[in-house]
Amino acid sequence: MRDLLQRPGSVLDEWLEAQRRAGVARPDLIDESQQREESAQLLSLLGGALADTLPVFPDDPAWDELRTYLDRLAESRAVDGFSPTETARLMLTLKDVVFKALRDKVPQVPADAWADFDELTRLLDTLALYSSEVLQRSREAIIERQQQDMLELSTPVVQLWDGIVGVPLIGTLDSRRARLVMETLLDNLSETKSSVAIIDISGIPTVDALTAQYLTRTAAAVRLMGAECIVSGIRPQIARTIVDLGVTLDGLPTRATLAGALALAFERTGCTVEPSA
Amino acid sequence: MARVPILRIGDCLVVTVHADLDDGSAVTLRDDLAGRVAAISARGVLIDVSALDVVDSFVARMLGDVARTVSILDAETVISGLSPAVAMTLVEMGVTIPHTRTALDAQNGLRLLGIVMAPVRESVRCD
């Protein structure tokens, strides 16, 4: 049987036909000529690696070339939007070709036994693929949930005083997070009727033009709601970066420390803090 | 076309804008307000928009126009009750409403205009 796969030219068309039958070919995602080229490459690599003794996949160095090609193929399938099952079926459809050759070689096996065998193999393949697909899906769901949890954990809005809320930011502020911060903060402001919001950026490693833009946008939205925004926790090197980059935080009061911002917030809300003695 | 009612409180005017503010009634509102401000020499105008789920650029511009008209008549405008979603949309569209101050709700807005109501809760003392 091996010589069959070692003469790739002879089975390519048959394999492509089997792929079409199994619904592996997705003309909406990759075109026919690419499908054909990839299949031809796979066949030739597979044929090249087959020797008299079957090397163990994937450890044997004989498979190196095919493995690298498969890695790249699977990666690009993921990018193109193929499902795990569709990707796995590509190789599985090659079984159709092999079985057909086998049937031609052993004519004494009755046709209904072949059909039975064919159907069962297909069923078992489908079951295996189905379970791996479900496994993958639930794993993805777990990852997504964890990401969501992290995102929510990373943007708390805390009540510092009556009418004063604080947002301690830690880590990098990307657009998705900036939006979530804005949403959470504005919702909180309208819920608690707070008039001052302090955004503490001590935990943000660097401030670039984009981060500054997110901050000024948030401040603009906070102002529209009728509250005021103060940015605190500006470390010396961040102050320098802001100046070096020529970034402006226009109309945004800034303070070096959270304590300074709180003092300003007290001033704005008309509170005074005095020592008890 | 629905007319937006204009209420007088002291020397200020109060308007609550409803969800179905169409372009026509927005224009009427601007003209009515200008007339009333001039008639009573009003000191301030409070526009409460808490009922609006959506503020498009036209309504935002109309609010800005109202504020400008009012400020020419020597009165100030306070907009209260912009919802978080509306505030975010306006910022994302880059729309600003010039000549206005904003307040969280109508009560705070009236306070900004110098109309002090009986306190709802004890003011906070930090001692």
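Q: How many bridges join strand β2 of chain B to β3(B)?
A: This is a predicted model, where local features need pLDDT of at least 70, side-chain atom pairs count only at pLDDT 80 or more, and totals for chains, interfaces and linings use all residues. Residues are numbered from 1 along each chain as its sequence is written, and chains are lettered from A in the order in which they are written. Strands (E, at least two residues) are DSSP runs numbered from the N terminus, as are helices (H or I, at least four), and two strands pair if DSSP finds at least two bridges between them. β2(B), residues 12–16, runs parallel to β3(B), and the bridges joining them number five.

Q: Which residue of β3(B) is the bridge partner of Leu13(B)?
A: β3(B) spans residues 44–48. Leu13(B) has as its bridge partner there Val45(B).

Q: Which residue in β4(B) stands opposite Asp48(B)?
A: β3(B) and β4(B), residues 76–80, run parallel and are joined by five bridges. Opposite Asp48(B) stands Ser80(B).

Q: How many residues of β3(B) are buried?
A: Buried means 20 or more other C-beta atoms, placed from the backbone, within 10 Å of the residue's own. Gly44(B), Leu46(B) and Asp48(B) are buried on one side, Val45(B) and Ile47(B) on the other. The buried count in β3(B) is five of five.

Q: Which elements give two or more residues to the side of chain A that touches chain B?
A: Contact means C-beta atoms, placed from the backbone, within 7 Å. On that basis 21 residues of chain A are in contact with 16 of chain B. The elements of chain A are α8 (175–192) and α9 (209–224).

Definitions and conventions: Two residues are in contact if their C-beta atoms, placed from the backbone, lie within 7 Å. A residue is buried if 20 or more other C-beta atoms lie within 10 Å of its own, exposed if 12 or fewer, and partly exposed in between; C-beta atoms are placed from the backbone.
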